[in-house]
Amino acid sequence: MRKDRFDKKFYLVREDVLPEAMKKTLDAKEMIERGKAESVWDAVQKVDLSRSAFYKYRDTVFPFHTVVKERLITLFFHLEDRSGTLSHLLGVVASSGCNVLTIHQTIPLQGRANVTLSLNVTEMGIEIEELLGRLRKLEFVEKVEVLGTGA
């Protein structure tokens, strides 16, 4: 992958210097993953964290063991608001061997919607650059950005 595609830097940071909201986000994500919380609402209540802080950090902070064992990538899209676009986009992602971890879509405004996908690309049969190329060729995709990667 070329560096110019990834304008974000990544750091390995000790837990004791993380802001409290990030630590609580990690705790909430773990509770959800282990079934100790039934929902995001339940998890954030248990760790005393706002839902907005959880959603702000959930796709940007990961336990080290998760990033090491899985290859993660978060993609941001500007899409035209047409029937079936998200389904078609997810079909391309799935046919490439990616596993969707999270999806966030904004309410369409002025015929456009923003979508953020967090993907596990461990089993992907192609290079990330090729996946990005396929996604950019979709007629309803106006923009694709890589927000972050653990790959």
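User: What covers the buried residues of H1?

Analyst: The cover over the buried residues of H1 includes helix H2 (40-47) and helix H3 (51-57). Helices (H or I, at least four residues) and strands (E, at least two) are DSSP runs, numbered from the N terminus. Contact means heavy atoms within 4.5 Å. Before going on, note that this is a predicted model, where local features need pLDDT of at least 70 and side-chain atom pairs count only at pLDDT 80 or more, while totals for chains, interfaces and linings use all residues. Residues are numbered from 1 along each chain as its sequence is written, and side-chain values use heavy atoms, with hydrogens and water left out.

User: Which residues in H1 are buried?

Analyst: Buried means under 20% relative accessible area, exposed over 50%, and partly exposed in between (1.4 Å probe, protein chains only). In H1, the buried residues are Met22, Lys24, Thr25, Leu26, Ala28 and Met31. Across the protein, 36% of the 151 residues are buried.

User: How does the span of H1 compare with what its 14 residues should give?

Analyst: The expected span is 1.5 Å times one less than the number of residues. For H1 that comes to 20 Å, and its end C-alpha atoms are 20 Å apart, which agrees. Just after H1, glycine 35 takes a positive phi of about 80°.

User: What does lysine 23 touch?

Analyst: Lysine 23 lies in H1, which runs over residues 20-33. Leaving aside residues up to four places away in sequence, lysine 23 touches Glu15, Asp16 and Leu18. As for C-alpha distances, lysine 23 and valine 47 are 9.6 Å apart in space and 24 residues apart in sequence.

User: Is tyrosine 11 buried or exposed?

Analyst: Tyrosine 11 counts as exposed because its relative accessibility is 66%. Tyrosine 11 sits in the segment before H1.
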